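Reader: I am new to this structure. Please take me through its contacts and packing in plain terms.

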Amino acid sequence: MSEGLELAERAVRAADGDEAQAIVRRESSGLARYAASEVHQPTLVENEVVELQVVRDGRLGIAVGNRPGEDGLRELAARAAEAAASAPADPDFPGLTPKTDSAEVEGYDAATAGLGAADQAGLAATAIDAADLDLYGFVTSGETELAIASTTGLSLSQTMTDAAVLALAAVEGASGYAEQSSWRIGGIDPAATAREAVAKAERTRGATEIEPGSYAAVLEPYAFAELLLYFSYDAFGSLGLLEERSFASGRIGEKVFDERFSLADDALDPRGFPKAFDFEGSPKQRVELVRDGVLEGVVWGRQSAARAGNGQQTTGHGPPSSLRHWGPLPYALSVAGGEADSAEELAELVGDGIYVTRLHYLSIVNPREGILTGMTRDGTFRIRGGRVADPLVNLRFTVSVPELLAELPGLTREPVLVNEESYYDERYPNGVLTPAVATARFDITGIGSAPGV
Amino acid sequence: MAAALAAGASYADARVVIRRSQTVATRNRRVDRLDDVETQGLGVRVLVGGAWGFACDNELSVENSRAAAARACAFAKAAPGSHRRELVPVEPARGEYRVQVEKHPFEISLADKVEHCLRAEAALEHEDVKVTAASVRAQQEQKLFVSSDGASIEQETVECGGGIDAMAVRDGMTQIRSHPSAHGGSSAQAGWEYVDSLALEREAPRVAEQAAALLRADPCPAGVTTVVIDAEQMELQVHESVGHPTELDRVYGTEAAYAGTSFLSPGDLGSLRYGSEHMNITADSTTPGGLGTFAFDDEGVPARREPVVAEGILSGFLTSRETAARIGSGAGGSMRADGWSRMPLVRMTNLNLEPGEGSLEELIGGVDDGLFLQTNKSWSIDDQRLNFQFGTQVAWEIKGGELGRMLRDATYTGRTPDFWGSLDAVAGPEEWVLHGLTNCGKGQPGQHAHVSHGTSPARFRNVQVGFRS
């Protein structure tokens, strides 16, 4: 039995006769953060957090702690019981998840789990040494475990590994970005990532402004992943659908996007960060969200499925309790590849437009219409005559994502994994698998700063 | 400390943090969150050969503390780069600090907190409002800081807060109104008396009515006009366009890959015109009730009140001991860590827009044709903190110095120094409100900071409103 599962089962026993479920999240990680080619903020984390859910007469109370000893668990159980006693019953509470098996997935690599501080610092040095410009970013690796046990007999554990390198090569007036992520350390190449960032940065010198307006554009996977993720918060979650505030409201079954666009949430895919079960203990399922431009559905957890009241079943997307107000969310978006061999080939399809490497500071302006705003950064270029041409300053965009997805002249063939874990709170590796895309419409609404530091 | 020094550290500090928090949230009359979180642990930061190292552990034992110190030193020794660091000296402090409250928020039962939310939610009921939400939160943090310089500091803070939201839906349109702030309400270092003062139940009918009315309001037209911005939105304007760019670690580029840098440079200190003469911004970790109030920061530097912008001129940066030594100005005092498992970073404490004169009514009275913008809805700013775009939940037309019709979907945009340069009035102390937010993100691994901003409504001329191309 894994350490996490053993702790989860001890926590359930501490609940002392109550109906209870324990969720354990363990982390052992290192992150070597660098700036100006020097590691300046190296962080090593060892932690295990227990969330104990106690149910009394349909009333759910939750307590969280990180003292794994018997005293700590007894105190945790007392706080969870008090919380349950304080809560009114929820008529839509589906009860604790019954005993079930999880999906069989990959996602653990012993070599990655075995990396220590010296290895992480060494990989950071590899990236730094490969860069001819000052390098900013990090190398990280970690082992995390999610374990769930309950009085229903549920007993699940998944130990995952992840590794990532992020490289921003930057000097005054020039900056370029690249990243790689994988659950296998062998799946990332810090030196190659740094060289990609440097090559991009070298092309951004002498950036100029353009007039705001609507442009055709090529979005690299880094940019498109971020845009999709923000759109998905309100478009592909079932809580938003139930509350009639989602873009999906009234549109399921309709063709709303370009037929070249197909999107799934697939935590089972070994090219991503595979997950066996969700935070409610339900097995992960692949969910078709968009097929050939037709909006097919959203993701569900047990709570939202119960609230739907129409026989809807969970798809294995129950959120952590701290994010319950968001409802079930797709943590493993996967965009089907197209026919182009490269982003340069997409530029040929666009002919005249802009090329975007990465986005910054997105915000949802109108969730129902899928309008987002944000900035481009670290590699924005003009596309002229079908070629990626002169560099541009950072641009403010305000786009309707459905309009952006309505006409996609092309997508690259091979999706790549874009890391979307920002390492706040407990580590939970996740990302978006996506190719680069060409769109007929990307609305530029302002001019920002020049590239570089 | 002993283990770190034995392992080669020239300097070391350690923080033990025990944090307990409760969150109660209700949504559409059902309990959405009811949790009680208590975490503890120890973080050790070391300086070895000029390189930082940091390691942490949730097990509070002598053995684990020594192991964390050793791991931190090992990481520092392995860190690539040509490390040279100096820290401005600080007198090693020994002392205690505890926030005084009238009603400790943990003395209010969870059941009473649930009831508080449900009552407020009930008052949000309206036929067009499809989603009602209310939340309250409470936190107590105990922190022990020791350093190899000889500092030994115990601090205990207590926070609480709350807020309500009403989302109206009709004919494919959604509109939201919130009180007292968007995105989770407002918090303060205070007891439950602060939550009571927010008057969530009393304000709820207005919030619901306005959310519903927005469904029938005209969209805010695009154009260049005069805007009066309410104190709540000014909180975010100060935070994003003054707070973050004046963090000296960003100026030096150490946040470049994630949060970004700054349009400011070290040489701008004392000379750069940030805004008009009406712009006075102060960093004040002594503000009563502020979420960034303490006796000592997470480097053991005493709390202080310092100008950041004085009469429109950049007058100070937010600094750490390291960045203050590098620029040769300041003494640190803005280093804060999110709990025990993260390194301290340069963070805002309480960054306040000092009040001017007059009432909100007088500010509006000085506008012949413009807009009054209330309550943040969306926010975005570029990596150097120059180009920003904010959306507000509601706008009100101003004609002839009087408020007119309600408008929806308002946004405004600008470039930071130009925008602050167009500031022509800040309302007086009677309009000044301290807002506290708990979701300021920075760092890798990520850290949330709790910060406050005291602001009055302010008036800006020639502002671009509207966003679509």
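The questions and answers below go from the chains to the helices and then to a sheet.

Author: This is a predicted model, in which local features need pLDDT of at least 70 and side-chain atom pairs count only at pLDDT 80 or more, while totals for chains, interfaces and linings use all residues. Residues are numbered from 1 along each chain as its sequence is written, and chains are lettered from A and ligands numbered from 1 in the order in which they are written.

Reader: Which strand gives the largest share of the side of chain A that touches chain B?
Author: Contact means that C-beta atoms, placed from the backbone, lie within 7 Å. On that basis 81 residues of chain A and 76 residues of chain B take part. Strands are DSSP runs of E with at least two residues, and helices are runs of H or I with at least four, numbered from the N terminus. The largest share on the chain A side, 12 residues, comes from strand β2 (residues 38-56) of chain A.

Reader: What is the bridge partner of A:Ile62 in β2(B)?
Author: Strands pair if DSSP finds at least two bridges between them. Strand β3 (residues 59-65) of chain A and strand β2 (residues 30-48) of chain B have 4 bridges, in the parallel sense. Within β2(B), the partner of A:Ile62 is B:Asp35.

Reader: How are α4(A) and α2(B) oriented to each other?
Author: Axes are lines fitted to C-alpha atoms, for helices over the stretch in contact, and angles run from 0 to 180 degrees between N-to-C directions. Helix α4 (residues 117-130) of chain A packs on helix α2 (residues 62-78) of chain B at about 25 degrees, with the axes 9 Å apart. Angles under 35 degrees count as roughly parallel, over 145 as roughly antiparallel, 65 to 115 as roughly perpendicular and the rest as oblique. Therefore α4(A) and α2(B) are roughly parallel.

Reader: Which residues of α2(B) meet α4(A)?
Author: From α4(A) the contact takes A:Ala117, A:Ala118, A:Ala121 and A:Gly122. Facing them in α2(B) are B:Arg71, B:Ala74, B:Phe75 and B:Ala78.

Reader: Which strands stand at the edges of the open sheet in chain B?
Author: The sheet has 4 strands in the order β13-β12-β11-β16, with antiparallel pairing. Each edge strand has a single partner strand, so one side of each is left without a neighbour in the sheet. The edge strands are β13 (313-314) and β16 (351-353) of chain B.

Reader: What stands opposite B:Val309 in β13(B)?
Author: Strand β12 (residues 305-310) of chain B is joined to β13(B) by 2 bridges, and the two run antiparallel. Opposite B:Val309 stands B:Leu314.

Terms used
Two residues are in contact if their C-beta atoms, placed from the backbone, lie within 7 Å.
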